[in-house]
Each structure stands twice: as C-alpha cells, then as structure tokens.
Amino acid sequence: MRKAIALTISDIHLTLKPPPCRNETPEEWMQTMVSHLVMISQAASNLKVPVLCGGDVFDRWNPPPELINFALEYLPSMIAVPGQHDLPYHRYELDRCGYGVLVRAGKITNVETEWNGAGPLRVIGFPWGRELTRGPGKEDGTTVVALCHHYVWAGSNKYPDAPKECEWDALARKLRGFDVAVFGDNHKGFCLSSKTRLTVVNN
C-alpha cells in the first residue's frame with residue numbers, strides 16, 4: 001500500500017448562514033462546519049501529511065470578522081490557491097480579502113507560484129484566472145502537483161453544455177509534466193488518470 005503524501009480538499013465556502021439547501025439553523029450550521037473541519041485536521045494529523053486546498057475557502061471575498069475568527073480557530077493549516085469566491089471581484093488582490101488575512105496570519109500558505117514542502121512533494125499553484133501550463137517533468141522521488149482553481153468536468157459531473165476545453169482529458173494534456181492535478185471549482189467530485197499518466201482529482 002502506498003503512503004499518503006497529502007490530503008486534498010476544495011470549495012468549502014465558509015459562511016455564517018447555512019446554504020438554502022440545508023435545513024439547519026445558523027447555530028447548527030456552524031457546528032456542522034466545525035465537525036467537518038476537525039475531521040479534516042485529524043485525518044491530516046493521523047496521516048502526517050499537509051492539506052492542499054483548491055480554492056474557495058470562503059463563500060464571499062469579504063467575510064465578516066466573526067467568520068474570519070472562526071476560520072482562524074477551526075480551519076486546518078493548509079497549502080492553497082484562491083478561488084474566485086476568495087478574490088475581490090475575481091481580481092488577485094489578497095490584501096483586500098478574508099483569504100489574504102488567513103495568509104498573513106499563517107493559517108494558509110498561499111501558492112502564488114511554487115511550494116516545496118518537507119518530503120516528496122512539490123506544489124505549483126494555478127489560482128483562479130491563471131492559465132494552466134505544462135509542469136517541470138518527472139522528478140525522482142518527488143510527486144509534482146498542480147494545485148488549480150479551474151473548472152474541470154468528466155462524464156456527467158458537469159453543468160449542461162459545459163465547455164469541451166474544460167473536459168478532464170483536455171486539461172490533462174495542458175498539464176503534461178505533472179504527476180497529479182488537484183482541482184477546485186466544480187463541486188462534483190471525481191478522480192481519474194489520463195492518457196498522459198496524470199492523475200486528475202476534482203474535490
């Protein structure tokens with residue numbers, strides 16, 4: 001059995017109010033978020049691996065202080081890229097948003113370009129709006145990960161008439177030279193291997 005080297009998540013969309021599809025009070029919703037975040041933290045601790053997040057930590061770029069404090073207390077420390085919900089008007093301006101506060105506080109390590117962790121993991125970031133590019137190629141003993149906030153789909157895991165250029169195999173061809181591509185944005189999860197031997201994980 002292969003050893004785990006990372007735990008991947010995305011699109012947690014922290015918010016003080018439950019989504020319309022949830023039949024919970026705000027207090028119950030906060031407890032639901034706590035239980036899920038604690039579960040992620042415990043899993044990462046048990047596996048002794050970092051958490052990689054594919055973006056959209058917050059549901060809105062300007063979360064209230066109460067929600068930022070909640071994130072500082074319960075969010076696991078993570079390696080991340082911002083999604084469009086994290087960015088003011090979808091612009092890469094971290095000094096204006098809640099995500100940027102978590103970066104300054106050290107809760108999030110933002111992968112603007114590249115992160116080299118302890119152990120066999122190298123992460124190259126593709127935040128919302130950045131074009132996907134080829135990776136550096138295979139490296140002995142190292143898993144090279146593309147951490148992306150970009151829409152990707154496979155099979156029926158898509159919205160109607162989703163663009164063909166966002167199909168997983170098309171994006172895998174763009175990302176040749178990576179071992180794994182971790183995606184956020186499409187909330188319908190899947191994990192597949194492409195013809196280029198790239199594993200695509202949509203959380």
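Predicted model: local features only at pLDDT ≥ 70, side-chain atom pairs only at ≥ 80, totals over all residues.
Residues are numbered from 1 along each chain as its sequence is written, and side-chain values use heavy atoms, with hydrogens and water left out.

An α-helix has 3.6 residues a turn, so residues three or four places apart point the same way.

Just after α1 comes K48, with a positive phi of about 60°. Most residues other than glycine have a negative phi. Two further residues to look at sit in the loop between β3 (78-80) and α3 (98-104), and one of them is Y89. Y89 is not a glycine, yet its phi is positive, at about 50°. H90, placed in the loop between β3 and α3, is not a glycine either and has a positive phi of about 65°. Are these side by side names buried or exposed? Y89 counts as exposed, at 54% relative accessibility, whereas H90 counts as partly exposed, at 46%.

Now for the charged pairs. How many salt bridges does a search of the whole structure find? There are six, a salt bridge being a side-chain nitrogen of Lys or Arg within 4 Å of a carboxyl oxygen of Asp or Glu. In one of them, E24 meets R22 at 2.9 Å, N to O. E24 is partly exposed, with a relative accessible area of 21%, and R22 is partly exposed as well, at 36%. R96 and E93 form a salt bridge at 2.7 Å, N to O. R96 is partly exposed at 38% relative accessibility, and E93 is partly exposed at 24%. These two residues also belong to a network of salt bridges that links R91, E93 and R96. E167 pairs with K164, their closest N and O atoms being 2.7 Å apart, and K164 is exposed, with a relative accessible area of 58%.Next, let us visit the largest pocket, which holds about 450 Å³ of space. A pocket is found on a 1 Å grid over the protein atoms alone, as an open set of points where a 1.4 Å probe fits, with protein on both sides within 12 Å along at least five of seven lines; lining residues have an atom within 4 Å of a point. Grid points are joined across faces, edges and corners, and the volume is the space filled by probe spheres set on the points. Which residues lie nearest the centre of the largest pocket? They are R2, K3, I5, T143 and V180, out of 16 lining residues. The strands β7 (143-149), β8 (180-184) and β10 (199-202) each supply at least two residues of the lining. The lining divides into nine nonpolar, three polar and four charged residues. For this division, Ala, Val, Leu, Ile, Met, Phe, Trp, Tyr, Cys and Pro count as nonpolar, Asp, Glu, Lys and Arg as charged, and the others, Gly among them, as polar.

Two residues remain for our tour. E114 is found in strand β5 (residues 114-116) and is partly exposed, with a relative accessible area of 35%. Leaving aside neighbours within four places in sequence, E114 is in contact with R122, V123 and I124. K138 is in the loop between β6 (121-126) and β7, and K138 is exposed at 54%. Not counting residues up to four places away in sequence, K138 touches G177, F178, D179 and R197.

Notes. Helix = DSSP H or I, 4+ residues; strand = E, 2+ residues; numbered from the N terminus. Buried < 20%, exposed > 50% of the residue type's maximum accessible area, 1.4 Å probe, protein only. Contact = heavy atoms within 4.5 Å.
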